[in-house]
Each structure stands twice: as C-alpha cells, then as structure tokens.
Amino acid sequence: MNNLTLNYERILEVLRKISTDRQLPMQRRRPSMSDLELISLSLTAEYMGIDSESDLFRKLPSCLLSKIDRTVYIRRKRRLMPYQNAIRLNLAESFNSCEDVFIVDSMPLEVCKIARSSRSKICKEELYSSPAKGYCASQKMYYFGYKLHAVCSLKGVFQSIDLTLANVHDIHYLNDIKDQIYDCTLLGDKGYLSQTIQLNLFEHANIRLDTLKRNNQKGFKPQFGLFRKFRKRIETLFSQMCDQFMVRRNYAKSFDGFKTRLFFTKITAMTVIQYINKNLFNRNINNLKISII
C-alpha cells in the first residue's frame, strides 16, 4: 500500500481501460507526462494520503519526477477537472446503472475557524465563491466554509456531488437532483422535509422522496426500518472521506484549488479504489484501506 510507483501503475492501468490518454484538445507540444498519467498520479497521491504537492514531489521516484515540474503539475491538474469528473461519472455508472434506491445527505467543510473568518483570505478571490458562516445541526456547531452535498447508492458509490456555501439550506440541493437521477427512491433525513419539493421531484423525475418526520408533525409515521439502516451508508462514506482522504484538511488558498482537491480528486480517487476492489480483486468495494497491488 505504501509503494507509490506500483500504486500509480495500477491506477493508470485501470484508467486506460475506460479513457484515452489525451484529454485536453489544445496542447501545442506533446508533454512528457500525458493527461491520463497526470490524473493517475493525483489520484494515487490521494489514495496514499499525500494531500500536499510539496510532500508528493519529495516522494516521487526519479522516473516520474523527470517528467513534470511541480508548478506545471498544479496548473494542468486544475485544467483537467472536468475530464477527471467525467472519469468518476463513468465509473459510478458501472456501479449504479441498475440501482433504484439512493441516499442524500450533506457534511460541513470548514475552511478556517470562525475567529479567523473576518481576516482570512482563503477562497475569497471572487465574491460568489467566498465561504460563509453556517450551522451543522448533526454536530451542533457553527463553522465557516462550505457544505458538501452528495447522493450515493446503497452500495456506497457517489452518484452526484455538489458544493455550496455553508449558509445554503440542504433542501435547495434537491432542485438539482431531479435532472441527474430519475425513477428511484431517495432517502433523506429531517433536513429534506418539504411537501412542495417532494411533489415536484415525483412529478418531474418520478423520484419518491422518503424522509424522517418530526415527532410532532401531522400524520407522523416512523420511517421504514430498512430505510433507517440504509441511510447510515452515506454517513460511513463521509467518515471514510474524513479519515483516509482527509477531506477536512485544507491547504488550498483559492476556490479553484479547494474545489479541484476535494470536489474531484478525493472523491474520484475513492471511486477508483472501489472499482479496483470489485473488478480486479472481487472483494468488498468499501474496503478502502487495503492494498491494490
């Protein structure tokens, strides 16, 4: 699990089966490290818990270090964001094509402590993407940053992800889901309670929204027992992201850097490891702390 070169070669082998080496259409000169090799290197770093470019380039073997400069690596990685996400969607489709039950939830992503929020310049280069103060009911805390919204299948594979400011309510994310999934049951917690949204999802995409109800709510009925058990799947995924992929640790200073590292690289790396577990080793796809060599 600690051999960077072998892990890199394994991930590159998998990506070459589902994608082409040339991702960016406009490149004046043929680079020493192809686009797919660069994506494989960034995914390998996240899988191995190397979430700092400085640390990565200290550990790179000479055969890879001679192919690319650190600054060029960072710039090209940002340009490859859409193609990396396309790879993730391709892998997710191989898992979720026959699924008809999904789970929706959100988790807080803290940029800095609230005490430093007024003087912090992290991700504040544009007004629309500047982090905001929000409240996380499950952890009973206020924080400064963003909110990660996600939909995953019962197998534990992310189907849809999005990033909003911390002060955006969870219910607004459901307006985007109806254009991404259809003909399914969507399980959520009390944060997604809305009869209007529930009706809109059903009429637009035949999505049956099943949420926990409040005890004092009119017509209260406890949620189906299996559904309550299924909802824990996405919470386990969030825990794995925080543990192995260190999603709460942020070194990025710009919003593009923050989005690239979290929104695409870390979640894509998780999906690739799940794909390798299933198709190469035929084992539990959610055993992420395991050798892929």
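Predicted model: local features only at pLDDT ≥ 70, side-chain atom pairs only at ≥ 80, totals over all residues.

Numbering runs from 1 along each chain as its sequence is written, and side-chain values use heavy atoms, with hydrogens and water left out.

**Stop 1: the largest pocket.** Select Asp105, Ser106, Cys136, Ser138 and Asp170, which of the 20 lining residues lie nearest the pocket's centre. The space here is about 540 Å³. Now colour strands S1 (101-112), S2 (132-136) and S3 (141-153) plus helix H10 (232-243), the elements that give two or more residues to this lining. By class, the lining splits into eight nonpolar, six polar and six charged residues.

A word on terms: on a 1 Å grid over the protein atoms alone, a pocket is an open set of points with protein on both sides within 12 Å along at least five of seven lines, a cavity is a set where a 1.4 Å probe fits but cannot get out, and lining residues have an atom within 4 Å of a point. Helices (H or I, at least four residues) and strands (E, at least two) are DSSP runs, numbered from the N terminus.

**Stop 2: the cavities.** How many cavities of 30 Å³ or more does the structure hold? There are two. For the largest, about 60 Å³, show Ser42, Ala45, Glu46, Ile50, Asp51, Ser52, Glu53, Leu56, Tyr73, Lys77, Arg261 and Thr265. Helix H2 gives the most to this lining, with three residues. Charged residues number five here, alongside four nonpolar and three polar.

Keep Arg261 selected: it also lines the second largest cavity, together with Val247, Arg249, Asn250, Phe258, Leu262 and Lys266. That one has a volume of about 50 Å³.

Stop 3: Go back to Leu56, a lining residue of the largest cavity. Leu56 touches (heavy atoms within 4.5 Å) Leu4, Leu41, Ala45, Ile50 and Tyr73, leaving aside residues up to four places away in sequence. In the largest nonpolar core, 65 residues in total, Leu41, Leu56, Phe158 and Met241 touch the most other members. Helix H11 supplies the most to this core, with 12 residues. Apart from it lies another core of 16 residues, including Val151, Ile171, Leu186 and Ile207. A nonpolar core is a set of buried Ala, Val, Leu, Ile, Met, Phe, Trp, Tyr and Cys residues joined through side-chain atoms within 4.5 Å, with buried meaning under 20% relative accessible area (1.4 Å probe, protein chains only).

Technical notes
Points joined across faces, edges and corners; volume = space filled by probe spheres on them. Nonpolar A, V, L, I, M, F, W, Y, C, P; charged D, E, K, R; others polar. Buried < 20%, exposed > 50% of the residue type's maximum accessible area, 1.4 Å probe, protein only.
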